[in-house]
Structures are given as C-alpha cells and as structure tokens.
Amino acid sequence: MENTLDLSQTPETNRGDSLESKRAFIRANTRLGRVEGLEQNGPGGTGPMQIWQADEITPIWTATDADLEHKGIEPPFWAFPWAGGQAVARLVLERPALVAGKRVLDIATGSGMIAIAAAWAGAAQVLANDIDPLCEAAVSLNAEANGVAIDWLGGNLLDRPPPDIDVILAGDIFYQKQMAQQFLDWLGRATARGTLVYAGDPGRAYAPRDATPPLAEYDIETNLDLESVTRRRARVWRL
Ligand SMILES: C[S@@+](CC[C@H](N)C(=O)[O-])C[C@H]1O[C@@H](n2cnc3c(N)ncnc32)[C@H](O)[C@@H]1O
C-alpha cells in the first residue's frame with residue numbers, strides 16, 4: 001500500500017456516491033486493527049474489537065487537509081477510536097445491564113465503536129448516527145468485522161426532537177464550543193423525556209464542568225500525534 005492518499009478510490013461523498021464505493025475507499029486507505037481494552041466475552045463470541053483505522057502506514061494518515069477538502073471529505077473522525085468513546089464502550093462492556101435488551105442510539109458514532117460494544121452487551125437494537133456520510137460505510141465495515149448488526153441513521157438529529165429510544169450513548173463530543181452546547185441542549189431534552197444518556201469525555205475544553213461525579217474513569221492509551229499525549233484519563237457521566 002502506498003503511503004499516499006489513494007485518490008483513485010476516493011468517493012465523492014457529498015455527491016451521492018454509493019455505499020460500496022465509500023466502503024472501498026475505507027478499505028483502501030485504512031487498516032483493520034484492534035482497540036486495546038475492548039474485548040467481547042459472551043455467548044456471541046470472544047476476542048478483541050477491531051475497527052478500520054488510520055495509522056502511520058495507511059494512506060489517509062498522510063493526506064493533508066487540502067487533499068481531503070479537494071475531494072469533499074470531512075476530517076476522518078471515523079478512522080480513530082477516540083478516548084471518550086473508548087471509555088463509554090468499556091463501561092458498556094463492563095456493565096452490560098446498562099443496555100441489555102434496550103434500544104440504544106450511539107450519536108456522533110464515528111467508527112461505530114460504541115455501537116458495537118452496545119451490540120456485544122446485548123442491546124435489543126442499536127442505531128448509529130453521524131453527520132459525516134463516510135461514517136455509514138465505516139460503521140457497516142466495523143459492524144461486519146465484529147459480527148454485529150447496527151442500523152444506520154443518517155443526518156443531523158440535533159435539528160429535531162430526540163427520538164423515542166431507551167438509551168443514548170455519546171463519545172467525545174465536547175471539543176467545539178457551539179457543537180458541545182448543541183449536544184448538551186439536545187441530550188438534556190432526551191433525558192427530560194426519560195431516555196438514559198451516558199457521555200464519555202477525556203478532558204476536552206467544552207465538557208460540562210458541573211456534572212455529577214462520573215460513573216467510571218479509565219486511563220486510555222492515545223496516539224501521540226493526534227492527542228499530544230500517550231494516555232488520557234477519560235470519564236463517563238450519566239447526564
Ligand atoms: C471525536 S469524534 C468521536 C467519534 C466516536 N464517538 C468515538 O468516540 O470514537 C466526533 C464525531 O462527532 C460527529 N459529529 C459532529 N457533529 C455532529 C452532529 N451534529 N450529529 C452527529 N454527529 C456529529 C463527527 O462527524 C465525528 O464523527
């Protein structure tokens with residue numbers, strides 16, 4: 001695999017390319033790798049979670065912002081298991097009763113990592129949402145790689161009332177001021193209608209500071225180039 005962005009495989013994501021071409025793009029530009037600390041250990045199977053991700057030897061790692069922008073591709077958030085999301089996924093695997101038998105939405109899903117953990121933990125139905133159209137392909141590839149079924153829900157859900165669902169899980173959504181406030185308002189409306197909401201965060205600038213004590217805390221290994229540190233303390237709150 002060449003260490004450059006494989007433009008021949010580039011989907012025109014904002015121009016309605018097929019799901020299959022987006023999946024081909026992800027397979028050509030990332031590689032399947034395990035996520036440390038996330039293990040399936042149940043009747044459905046055993047083994048580490050694996051997701052299609054970027055690292056130093058994959059073409060998408062070296063693509064510049066200009067390369068991506070030129071091809072109409074958003075920054076590839078779906079190509080990394082973010083620390084806040086890893087914390088939520090760990091909590092769900094440690095305490096499957098939080099989601100078992102329930103209808104669960106993983107909002108701002110990125111790779112689908114949290115959704116996969118919820119499916120492993122026995123959720124009755126798992127929906128995944130993200131505004132980036134490439135996430136649909138990432139989620140479908142990652143669901144396949146981990147032997148689960150996840151339903152895709154596209155578009156910006158923050159524009160409408162929260163859905164009728166039992167549990168909402170959210171990982172690493174507090175890194176931009178306006179976005180964080182929009183999520184907090186919308187998730188607040190979800191809790192007001194009786195949905196249980198769990199959010200994980202590794203100390204981003206706009207995480208709520210006045211939240212109740214966290215349900216769980218984890219030391220998560222992070223990528224030095226992405227995060228400027230090799231570990232982050234990530235916490236999960238019930239909002
Ligand atoms: C840092 S990533 C976290 C991804 C994943 N939850 C994880 O922890 O690995 C943030 C994600 O939020 C998504 N996002 C941003 N605004 C959104 C919105 N209004 N609705 C849904 N997803 C959104 C981005 O596209 C991106 O995939």
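User: Why are H1 and H6 called roughly perpendicular to each other?

Analyst: Good place to start! In this predicted model, the axes of H1 and H6 cross at roughly 70°. Angles of 65 to 115 degrees count as roughly perpendicular, so that is the word for H1 and H6.

User: What makes the contact between H1 and H6?

Analyst: The two axes come within 9 Å. From H1, the contact uses Leu 19, Lys 22, Arg 23 and Ile 26. H6 brings Leu 134, Glu 136, Ala 137, Ala 138, Ser 140 and Leu 141. Sorted by class, this contact has six nonpolar, one polar and three charged residues.

User: Which residues of H1 are buried?

Analyst: In H1, which covers residues 19-29, they are Lys 22, Phe 25, Ile 26 and Asn 29. To be called buried, a residue needs 20 or more other C-beta atoms within 10 Å of its own.

User: How do you know that the buried residues line one face of H1?

Analyst: Look down the axis of H1: the buried residues fall within an arc of 95°, so they line one face of the helix. What covers them includes strand E2 (45-53), helix H2 (59-62) and helix H6 (134-145).

User: What makes up the shell around the ligand?

Analyst: By class, the shell has 13 nonpolar, eight polar and three charged residues. Of the 24 residues around the ligand, Trp 82, Gly 85, Ala 108, Gly 110 and Gly 171 come nearest. Helix H4 (83-94), helix H5 (113-120) and strand E4 (125-130) are the elements that each give two or more residues to this shell.

Conventions
Residues numbered from 1 in each chain as written. Predicted model: local features only at pLDDT ≥ 70, side-chain atom pairs only at ≥ 80, totals over all residues. Buried ≥ 20, exposed ≤ 12 C-beta atoms within 10 Å, placed from the backbone. Helix = DSSP H or I, 4+ residues; strand = E, 2+ residues; numbered from the N terminus. Arc of directions from axis to C-beta. Contact = placed C-beta atoms within 7 Å. Near = placed C-beta within 6 Å. Nonpolar A, V, L, I, M, F, W, Y, C, P; charged D, E, K, R; others polar. Axes fitted to C-alpha atoms, helices over the stretch in contact; angles between N-to-C directions. Parallel < 35°, antiparallel > 145°, perpendicular 65-115°, else oblique.
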